[in-house]
Structures are given as structure tokens and as C-alpha cells.
Amino acid sequence: MHHSRGKSRNSKVANAPKQVFNYSKKTDSVIDEYAGRALTWLRKAEFLMSAPKLNLCVDDTGYEVAFAGRSNAGKSSAINALTNQKQLARASKRPGRTQMINFFSLGNPDQRLVDLPGYGYAAVPEAMKIVWQKELENYLIHRESLQGLVLLMDIRHPLQHFDVMMLEWAYSRHLFVHVLLTKSDKLNRGPASKVLLDVQQQLKKMKLEFSIQLFSSLNKQGLEELASVMAGRLNFTLEQSQDFDINSIADVSEDDLDEDPDDFSETETENTPSDDRNDTP
């Protein structure tokens, strides 16, 4: 008696219709809308004032988020990319030039970005570095409107000495921190993702549960994510803005970015404010 044999499991698999997998990251339409409108809102940024001391800052009301990091971490470039204004925060070719706390309003003086003096590379007398450090500490400790920090680190040199000091200090003060691994365009996707994972793991070991992302001012990577974080901390609502197309952001050239010296030796002696808007007389 003849028994027909069915197709083997292997042949069934081989002849089955090919399934197409989509590995692109799924996004939430509500989150996308919020990020897009936040970017529109951030484009309203205007320079408000610079202050060398806490008692000369704008009134301590409303909400503000401060950008902090080493002088060559790309702080000015990040602010300019986020606000779609090439010269809002003036990027210097020489790290260590600005010693001011710079305030930017966002269509409302009670919603502000703050560009803090960068630390490291300040070619000034030690006594002046101590003065800058004290004023920076005064701002971080006593500023009641401060909702958190965006701490920038060059992705090729993360968690430098003063970066870790700033993170630990912020944790001790119960201050929110969002870490930007800047200049991610300098690495390929795989190595950049590995650095992100490594830094996340190191922060976890230090019991610092801060948010973190990749960011590039040059190719706009991470703009929407950063905009969402900023908007949430600054009490932004959808009613404050209209729709936004990220492709409308002007392209950035290498000349527009903060210069980044290759010297990353740990030679800084103080957590010194110094970056890119006003020069010391």
C-alpha cells in the first residue's frame, strides 16, 4: 500500500513566503508631535543677557535648563543647532574664552536656556579660575528656577574628571541631568552605540540614573530627543507652538562647530567656567 509523504519541515520552510522584517525604530505619533512642536518653540530663542555673578542674573523666576560641559564639548554648537540659529551662542575657535552666564529667552522670559561657562582650558591666572568656580557653584546651588542640566561630553572622551565631578555633585543636590554624547558623527554607528552603552553602564555602577543620548550638531542626530527633554523640563505645552519640519533646519558646516583640540589630558586644576560668548577685558 502506497503512502504519500508530506513535504519535509525543511522544504516547507524553504518554500514559505519570505517575511520582510522592518528593523526601524517604532515611534509614537504623540511623542513625535510634541518633539516637532518643541523644536519650533525653541527656535524662538533670543539672547537675554550675560551675567558674571549670580546676583546680576535675570530674576530667579520661571523655569530654566542650563548647558554645562568642557570648553570643547560642543556646547555652543548644540545650542545653535537646537535653536536653529548659527550665532545665538557664539562658538569660539579657542576654548576657554567666555566667563559669563548667558541667558536666552524662549518667547517668554520665564522659560530660558542658560549657557554656563565651560570648564577646562582657560588660560588665565589661578586666582581668576577660583573666582569663576565660585560663581558657577553659587549659580548651581542657589538658583531656584534651575530645572536641570544638559551635560555635554565629547563622545570620544566621555566621563572626564570634571564631568564625573559635575554628575556626582548634581546627584547630591537632587538635580536632574541629561547627558549628551556630542560629536557622534565622528564615530561610525556601531562604535557610537557601544560608547553610549558603556557610559550608561558606568553611570549605573556609580548609581547615577541620569538620561543619556547620542547627539551631533553636524548631522542633526538627536535633535528631537533633546528638544523633548528640554520642553518637558521647561513646562512647554503644545499650545505654545505650531507644526515643525526638521528638514527646515539649516545645514551646519564644520566651520560652524566648536573647535575641539586634541589635548584631553587631565591637566585642569579647577572646575573653571570658560566658553564662547564674551571675552575678558
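Guide: Start with a definition: a residue is buried if its relative accessible area is under 20%, exposed if over 50%, and partly exposed in between. Keep in mind that this is a predicted model.

Visitor: Why is K75 called buried?

Guide: K75 has 0% relative accessibility, so K75 counts as buried. The limit is under 20%.

Visitor: What makes K75 and D115 a salt bridge?

Guide: A side-chain nitrogen of Lys or Arg must lie within 4 Å of a carboxyl oxygen of Asp or Glu. For K75 and D115 the N to O value is 2.5 Å, so the pair counts as a salt bridge. The pair links distant parts of the chain, with K75 in helix α3 and D115 in strand β4, 40 residues apart. D115 has a relative accessible area of 1% and is therefore buried.

Visitor: How do you know that helix α3 is mostly covered?

Guide: Nine of the nine residues of α3, residues 75–83, are buried. Among them are S76, I79 and L82. After α3 comes N84, with a positive phi near 60 degrees.

Visitor: Why is strand β3 described as largely enclosed?

Guide: Six of its six residues, 101–106, are buried, so β3 is largely enclosed by the rest of the structure. I101, F103 and S105 point one way, while N102, F104 and L106 point the other way.

Visitor: What makes β1 and β3 a pair of strands?

Guide: Pairing needs at least two bridges. Six bridges join β1 (residues 45–51) to β3, so the two count as paired, and they run antiparallel. E46 stands opposite S105 there. On β4 (residues 111–115), four bridges join the strand to β3, again antiparallel, and F103 stands opposite V114. β3 and β4 form a hairpin with four residues between them; G107 in the turn has a positive phi of about 75 degrees.

Visitor: Why are W41 and F236 called stacked?

Guide: Ring centres must lie within 6.5 Å, and planes under 30 degrees apart count as stacked. W41 and F236 are 4.8 Å apart centre to centre, with 25 degrees between the planes, so the pair is stacked. W41 is in helix α2 (residues 29–42) and F236 in the segment after α7, 195 residues apart. At 0%, W41 counts as buried, and F236 is buried at 5%.

Visitor: What makes R233 sit over the face of F176?

Guide: The charged atom must be within 6 Å of the ring centre and within 35 degrees of the ring normal. R233 lies over the face of F176, at 3.6 Å from the ring centre.

Terms used
Residues numbered from 1 in each chain as written. Predicted model: local features only at pLDDT ≥ 70, side-chain atom pairs only at ≥ 80, totals over all residues. Heavy atoms only, no water. Buried < 20%, exposed > 50% of the residue type's maximum accessible area, 1.4 Å probe, protein only. Phe/Tyr/Trp six-rings, centres within 6.5 Å; stacked < 30°, edge-to-face > 60°.
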